[in-house]
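Here is a short tour of a few helices and strands, written to be read with the model open beside you. Take a look at the structure, then follow along.

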Amino acid sequence: MTKLTLKYERLEKLVNAWGPSGFESEVQKLVKEYGEPYADEILYDKMGSIIFKRGNSGPKIMLAGHIDEIGYMIREINKDGTLKISNLGGIIPPYQPSNEILIRPYRGGADIIGIIQTSASIGGQGKPEVTPLDKLHVDIGCKSDKEVKELGIRVGDAASQYAVYRTMDRVQIKKEDGKETKSKHKIAVAKAFDDRIGVFMGLEIMRRLKEENISHPCQIYFASTTQEEVGLRGARTAAQMIQPDLGFSLDITPAKDAPGWPEKGHILGDGVVIHSKDGSMIANPKLKKFAIETAEENDIQLQDGFLGFGGTDAGIIHVTGIGAPSLFIGISTRYGHSQRAMIDLNDVENAVKLMIAMIKKFDMATVASFTKI
Ligand SMILES: [Zn+2]
């Protein structure tokens, strides 16, 4: 097994924290607390992003992980005491019935757990088709709208999925060229790996640079960005502020070994993923080659990634100002936007190692070579 070296107790706190798109300030306090000791300077945009900076000379390298998670907004309080919800980001309807959500009334007071339900579940007469989000209701145990208001819940209050982090030790058995090998893996399950895992990796990169006194010929700007799930919004303002020379998004990508996934490709536990393309960008080929060669030199397990849809913060970073070659550095994740997303911590170790190995080499000439014609 790849030796686990990172502070996973922080990952647990980050994924369990509450922070749907547009409501990230509380989880950003935790990010600030973790990142502060490793930064020479901390910057803020006006969209809620936090930017940790290290170094004062050389090309500007932006790393972005988005702190928001998909969530819900209360859109209507029904007379019978149930709630109607709208989505904040990519809520997937088939995952919803019986899910618990955590509603945080904007005026403060106690958090309220609600259960998403569909009338189809009553009496076992369930319809086979998927119920769309606007036909689902949230049950918080009230019997009238008056009771709901008494709890302090108002239209416009936000909610996150409600689930807690846990890990499982597994042995992976592989057969290659007729030879069987076994390797140990730690599998983690949680809500909000999208994209607290990216923020966690950014923080761990900053921690290692500081604690191991790693010198780098570049300036590092790690941004914990907001509102990615509703359209890469925080990365836009953070990147405009930084004006980076290179950009990286640290994020998840669907593991293609999840049952039923329509195509083959990068899978859980087989190494860090680099996308050649997604719905928001095409990777700069020279930067991609540099990343792959750096992984090979350092014995870092890597997978060639491809995503025919979607996008990440790198999609907005690479078109900032006059443009900035950018790359997606990702973690294969099963059931991404569900309450029980699944990752392999070996992949996280590999991603952090790769990013640090590249950071050590990003001098002016190397960065300039990526756009030389
Ligand atoms: Zn994401």
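A residue counts as buried if 20 or more other C-beta atoms lie within 10 Å of its own. Keep in mind that this is a predicted model.

Let's begin with helix α4, residues 193-211. Of its 19 residues, 15 are buried, so α4 is largely enclosed by the rest of the structure. From first C-alpha to last, α4 reaches 25 Å, close to the 27 Å expected at 1.5 Å a residue. After the helix comes asparagine 213, with a positive phi near 50 degrees.

Helix α2 (residues 25-35) has its own set of buried residues: Val27, Gln28, Val31, Tyr34 and Gly35. Viewed down the helix axis, they fall within an arc of 115 degrees, so they line one face of α2. What do these buried residues pack against? Their partners are α1 (8-16), β2 (50-54), α4 and β12 (219-225). The face of α2 turned away from the buried side carries Ser25, Glu26 and Glu33, which are exposed.

Now for the strands. β11 (residues 179-190) pairs with β10 (residues 166-176) and also with β17 (residues 341-344).

| Strand pair | Sense | Bridges |
|---|---|---|
| β10 and β11 | antiparallel | eleven bridges |
| β11 and β17 | antiparallel | four bridges |

Glutamate 176 has lysine 179 of β11 as its bridge partner. The hairpin of β10 and β11 has two residues between the strands, and aspartate 177 takes a positive phi near 50 degrees there. For alanine 190, the bridge partner is alanine 341 in β17.

Technical notes. Residues are numbered from 1 along each chain as its sequence is written. This is a predicted model: local features need pLDDT of at least 70, side-chain atom pairs count only at pLDDT 80 or more; totals for chains, interfaces and linings use all residues. The expected span of a helix is 1.5 Å times one less than its number of residues. A residue is buried if 20 or more other C-beta atoms lie within 10 Å of its own, exposed if 12 or fewer, and partly exposed in between; C-beta atoms are placed from the backbone. The arc is that of the directions from the helix axis to the C-beta atoms. Two residues are in contact if their C-beta atoms, placed from the backbone, lie within 7 Å. Two strands pair if DSSP finds at least two bridges between them.
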